[in-house]
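This report describes the spaces inside a protein model and some of the contacts around them. Please look over the sequence and the structure before reading on.

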Amino acid sequence: MTDCSRTAMPIMYRIDHQRKLVIARGYGAFTGDDIFSYQRDVWSGKDVVGYDELVDMTFVTRTARPTPEQLRNLATLASQMDLASAPSRFAIVGAGDDAHALGLAFQKQRQLQKRSSKDVGVFRTLREAWEFLNVVDPPELPPPPAPQA
């Protein structure tokens, strides 16, 4: 199978090499450090260059409100990992108002980056996100993390 799963708590993600897609799902409380760690862990790998991405924030219960500078820094880091010759799409699902607003703020910062080659879309539902990514047969999303003993 060309699919591999990894964990960057509280973000579970799967890399689907067949579809050239990174699928991530957040759970529980989310901090800026979690998002930066996910960005570095996943997108520093050369095997995902040009892949599309879906980040589902539906199950995030609390987010630390990032400063405008932190959002700008994340957008800068993310765009530095882009390859201009391999444009891709990034769908963010933020069903709740806070997650949706955070997604829209990140989308705006990403658009301001000259190096950015990802088309970012922010959606309320997975169905809209899959349509944006042109995925007709969506893969299974990463399951929630196992409870800590």
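## The cavity

Sorted by class, the residues lining the largest cavity are seven nonpolar, five polar and three charged. The model is a predicted one. A search of the whole structure turns up one cavity of 30 Å³ or more. The space in the largest cavity comes to about 90 Å³. Its lining has 15 residues, and those closest to the centre are Trp-43, Gly-50, Met-81, Asp-82 and Lys-118.

The structure holds eight salt bridges.

## The largest pocket

The largest pocket contains about 420 Å³ of space. It is lined by 24 residues, and Phe-30, Ile-35, Leu-74, Leu-102 and Phe-106 are the closest to its centre. By class, the lining of this pocket consists of 16 nonpolar, six polar and two charged residues.

Which parts of the chain supply the lining of the largest pocket? At least two residues each come from helix 1 (32–43), strand 4 (52–63), helix 2 (68–80), strand 5 (88–93) and helix 3 (97–111). Helix 1 gives the largest share, five residues.

## Helix 1 against helix 2

Two packed helices are described by the angle between their axes and by the distance between those axes. For helix 1 and helix 2, the axes come within 10 Å and cross at roughly 5°. Angles under 35 degrees count as roughly parallel, so helix 1 is roughly parallel to helix 2.

Which residues of helix 1 and helix 2 meet? On the helix 1 side they are Ile-35, Phe-36, Gln-39 and Arg-40. On the helix 2 side they are Gln-70, Asn-73, Leu-74, Leu-77 and Ala-78. The residues of this contact divide into five nonpolar, three polar and one charged. Ile-35 and Leu-74, which meet across this contact as members of the two groups, are also among the residues closest to the centre of the largest pocket.

How values were computed: Residues are numbered from 1 along each chain as its sequence is written. This is a predicted model: local features need pLDDT of at least 70, side-chain atom pairs count only at pLDDT 80 or more; totals for chains, interfaces and linings use all residues. Side-chain values use heavy atoms; hydrogens and water are left out. On a 1 Å grid over the protein atoms alone, a cavity is a set of points where a 1.4 Å probe fits but cannot get out, and a pocket is an open set with protein on both sides within 12 Å along at least five of seven lines; lining residues have an atom within 4 Å of a point. Grid points are joined across faces, edges and corners, and a volume is the space filled by probe spheres set on the points. Helices (H or I, at least four residues) and strands (E, at least two) are DSSP runs, numbered from the N terminus. Ala, Val, Leu, Ile, Met, Phe, Trp, Tyr, Cys and Pro count as nonpolar, Asp, Glu, Lys and Arg as charged, and the others, Gly among them, as polar. Axes are lines fitted to C-alpha atoms, for helices over the stretch in contact, and angles run from 0 to 180 degrees between N-to-C directions. Angles under 35 degrees count as roughly parallel, over 145 as roughly antiparallel, 65 to 115 as roughly perpendicular and the rest as oblique. Contact means heavy atoms within 4.5 Å. A salt bridge is a side-chain nitrogen of Lys or Arg within 4 Å of a carboxyl oxygen of Asp or Glu.
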